[in-house]
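Here is a short briefing to read alongside the structure. Please keep the viewer open as you go through the points.

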Amino acid sequence: MFYRENGQFKSSYAADQQLLPILQDRVFMFALVAFAFIVVPLVVTDYVFLSLLIPFLILALAAIGLNLVVGYCGQISIGHAAFMAVGAYAAYNLVLRVPQLNFLVVLVLAGLVAAAVGLVFGIPSLRIKGLYLAVATLGAQFFMDWLFARVKWFTNYAHSGSVQTAPVELFGWSINSPQEKYVFLLAVLIVFTVIARNLVRGHIGRAWMAMRDMDVAAEVIGIRPVYAKLSAFAVSSFYVGVAGALWGFVHLGSWEPAAFNLTLSLNLLFMIIIGGMGSILGSFFGAAFIVVLPILLNQLPQFLGIPMSTAMVSHLEFMIFGALIVFFLIVEPHGLARLWAIGKEKLRLWPFPH
Amino acid sequence: MSQRGNPIGDVILSVEGVSLAFGGVRALTDVSFDVREHEVRAIIGPNGAGKSSMLNVINGVYHPQQGTIRFLGRTYHDMDPHETALAGIARTFQNLALFKGMSVLENILTGRNLRMRANLLLQALRVGPALREEIEHREKVEHIIDFLEIQPWRKTPVGRLPYGLQKRVDLARALAMEPRVLLLDEPMAGMNLEEKQDMCRFILDVNDHFGTTIVLIEHDMGVVMDISDRVVVLDYGKKIGDGTPDEVRASQAVIDAYLGVSH
Amino acid sequence: MKKNWPVLLLCALLLVGLVLPLAAGTTAPGFYVEVLLGGLMTGVLYSLVAMGFALIFKASGVFNFAQGAMVLFAALSVARLAERMPLWAAILIGILIMIALAYVIEWVVLRPLVNQEGIALFMATLGVTFFLDGFGQTVWGSDIYKIDLGIAKEPVMVLQGMFQGGILINKEDVAAALVAMALVAVLAVFFQKTATGRALRAVADDHQAAQSIGIPLNHMWVIVWSVAGIVALVAGVIWGSRLGVQFSVSLVALKALPVVILGGLTSVTGAIVGGLIIGVGEKMAEVFLGPVLVNTFDLAGGGIENWFAYVLALLFLLVRPQGLFGEKHIDRV
């Protein structure tokens, strides 16, 4: 009975179309953001930052990116980690060769490079659909794997093939400690989330969803399929490229080409399947899930009192992931986001049953 | 059919010698007819006569092997659907091609897409022109929602609506494109008597109020005779009748076709 | 004929590329033929895996990403079982295991998702892949295992008269090719001549129509997945004998994906032809094109064959979106 829209009348279209039309949602979001910025850095341990929160923030960004092209536009891509790699290497080369650039500019440029590459690899989507496209995107993954391992210029001729980065410097502030990294990533994520919500609410978002739901009808309405599909790939790759740059610079610090391999691509896909395709909120849920589950599983042997080798735990992880994917697809194809929405619906009526 | 908002004008759309085949199946053979501005033109014929294919050709979904379409001075035979949409032709679908993942409001708003010009960056920041556009077009869409009396359901996902309402949303989406010509593919299929009367009223209102030229496929003879100005009759992909409802009703060829007399 | 010119042009270009190393006189003819044959042999192995894909897609409309995992699982089972019993017994039990797997997959995954679109089913097979990978390694272990088919491993020198130095041929590869051909023949007979085969083709054409004439859909799916599982077993045994049974087998099986899309998702013939094209293409590219690229761009080593298959498949798709032997999809509005 607290979560109701009663009495909240909108007297303008602008008010009706705002990001968070319900007052309770606005209050909740404000409190959440305040909590995240102010309370968390003071309370949480370094370990939680490094192994949970920081990966979560970056993967959530990547998941939003993948969700835009797969969940909103319906174009499947199973090689998206390749674009993370593009973003990471682009950022590395920019920082290396043009050191005067502000890191935010580097991020945007890295994203743009990734967007351009994504655009090129999105071109097949104009001719082929669905599963054929899935395999073509897989090719992108393997090509990029090879490119960054073989073309020595990208890694600055490093012998081992891996690259190192210095901590990020922004306006004289060195982003070094876990708390600083967390705050920086949180700010970036919030900005990108708002942008994603804006795009999805705008006419480009509707064009994407129309292409996903029924592309022939979308064309008849006057939506240009080329523009819709390629813009989805471009924007999605931009997001994922920025995420890749952040992953390399802020989370990993140093990486080799295998850091952006097929497993990461599949993990991204799982994030949006479990979290909810076509839902920004779902991307957050999915990323949280993927980050938390291995940690939980690692604690499992101690919890149950049964000794298990790390290999065994990793196998178990695979099995649980696989089983969960199938479970979610059967029980709730729209993922955790739908469960959350159902929960909110019930909350609207609580304490009444209907 | 006495008072009209807009008197019937000149020929706005003409189909000339169109032939369409899928592999070995001839869907249309040398069909020609014209449509005048502001009129209500019905296409009728037994099942499988090629009526939907005809609409698809006008719309650009199918490209005929022979023949052309002339619309507002342009001649074409291989335009894509989104080009015909830009030119001013909208349509509804026999099997409802609504976007199931979106609400009623969002579905109808997609009809405004071809008029929304704000670029990606402006949309991302949702400022200035992008924001103004969203509000402007929302107003236009609300006008259509009022017109078709679907206000209570504007935020409902379309998949949850009953069939009759979905048909109305389909119509609303086509109207949102502000077309010169509206192609309606069996707009009253699967409706009961009340729903049919409502839909008839809406179609006539659209014709009157917005001045849209209507080309519709319909099986219900009563409806056809009542609301159309002229009728084209197709059978096995060929045109066998063309004229006012009374003329067509009296034509022997048409009667034979419907009764199944072999010819 | 007019519409086919892009395909013909592409084929012509590829043929030119194929013959180039020989025509340029930079390679010994004997070596060239060896590489060609090597490519064909690899192609046969890809075809074996791709056939399983095509079968499943043809009859149940599911794009089975887990085919590679099935190959690995089958190979693991046979390898480990063969440590305790004669090979033929291990293979027999392996077949039973794959049939059981088909039952489980049909019951747990396919039946609940029967009305969903292709993408959902594809994602489900992604889940099955992960599960099967983890499960297989939990049950059978994750070391590298051997499968000993009793065929001599040393290559044999043939055609010494025709080519200077002769050509090395691997007996295992020849056996693999023969097995593949036999398998294709058996499958062809099965689909064309038996009642079950006809029923499967009916199901592939139209699920609802098949149901309405009394064909039990679920039963058919178990059959198809069992057959695909057996094909996976054959592929797994041959791959495993060649490479050793290890995780990388399932990655190599991913290579079969471009094979099916080049050949056409619904076509077993396409799987075979596609496999050969990809096998030869990527081998040729690795051996002849690779060094050229390495020298021109100062690359750190080869590895072109990791992605060349995809490029080939993509090129074909762009001129023929349904694959070489696939069915064209007409959107009806």
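In which sense do strand β7 (residues 181-185) of chain B and strand β8 (residues 213-217) of chain B pair, and over how many bridges? The two strands run parallel and share five bridges; pairing here asks for at least two bridges found by DSSP. This is a predicted model, in which local features need pLDDT of at least 70 and side-chain atom pairs count only at pLDDT 80 or more, while totals for chains, interfaces and linings use all residues. Residues are numbered from 1 along each chain as its sequence is written, chains are lettered from A and ligands numbered from 1 in the order in which they are written, and side-chain values use heavy atoms, leaving out hydrogens and water.

**The six-stranded sheet of chain B**

- β7(B) and β8(B) belong to an open sheet of six strands with mixed pairing, in the order β6-β7-β8-β3-β9-β10 (chain B). Strands are DSSP runs of E with at least two residues, helices are runs of H or I with at least four, and both are numbered from the N terminus.
- The edges are held by β6 (89-91) and β10 (238-243) of chain B; each has a single partner strand, so one side of each has no neighbour in the sheet.
- On average, neighbouring strands of this sheet are turned by 20 degrees against each other, direction ignored.
- Helix α6 (residues 163-176) of chain B lies across β6 and β7 of chain B, at about 160 degrees to β7(B). Angles run from 0 to 180 degrees between N-to-C directions, and axes are lines fitted to C-alpha atoms, for helices over the stretch in contact.
- Helix α7 (residues 193-210) of chain B lies across β3 (40-44), β7 and β8 of chain B, and makes about 155 degrees with β8(B).

**The four-stranded sheet of chain B**

- An open, antiparallel sheet is built from four strands in the order β2-β1-β4-β5 (chain B).
- Here β2 (25-36) and β5 (74-76) of chain B are the edge strands; each has a single partner strand, so one side of each is left without a neighbour in the sheet.
- From one strand to the next, the twist averages 15 degrees.
- Strand β1 (residues 11-22) of chain B is joined to β2(B) by eight bridges, in antiparallel fashion, and Leu20(B) stands opposite Leu28(B) in β2(B).
- Helix α1 (residues 51-59) of chain B packs on this sheet and touches β1, β2, β4 (66-71) and β5 of chain B, its direction making about 115 degrees with that of β1(B); contact means heavy atoms within 4.5 Å.

**Two helix pairs**

- In chain C, the axes of helix α3 (residues 67-81) and helix α5 (residues 118-140) come within 9 Å and cross at roughly 10 degrees. That makes α3(C) roughly parallel to α5(C), a label for angles under 35 degrees.
- Residues meeting there include Leu72(C), Phe73(C) and Leu76(C) from α3(C), and Leu132(C), Phe135(C) and Trp140(C) from α5(C).
- In chain A, the axes of helix α4 (residues 81-97) and helix α11 (residues 262-275) come within 8 Å and cross at roughly 115 degrees. This makes α4(A) roughly perpendicular to α11(A), the label for 65 to 115 degrees.
- Ala81(A), Ala82(A) and Met84(A) in α4(A) meet Leu264(A), Ser265(A) and Leu268(A) in α11(A).

**Between the chains**

- Chain C puts 49 residues in contact with 41 residues of chain A.
- About 4,000 Å² is buried between chain C and chain A, 80% of it from carbon and sulfur atoms; buried area is the accessible area (1.4 Å probe) that two parts lose on being put together, summed over both.
- In chain C, Met123(C), Phe130(C) and Trp307(C) lose the most area to chain A, together 18% of what that side buries.
- Zero salt bridges are counted between chain C and chain A, a salt bridge being a side-chain nitrogen of Lys or Arg within 4 Å of a carboxyl oxygen of Asp or Glu.
- Over all chains the count comes to 23 salt bridges.
- Arg138(B) forms a salt bridge with Asp16(A), with the closest N and O atoms 2.8 Å apart. Arg138(B) lies in helix α5 (residues 128-147) of chain B and Asp16(A) in helix α1 (residues 13-16) of chain A, so the pair joins two chains.

How values were computed
Angles under 35 degrees count as roughly parallel, over 145 as roughly antiparallel, 65 to 115 as roughly perpendicular and the rest as oblique.
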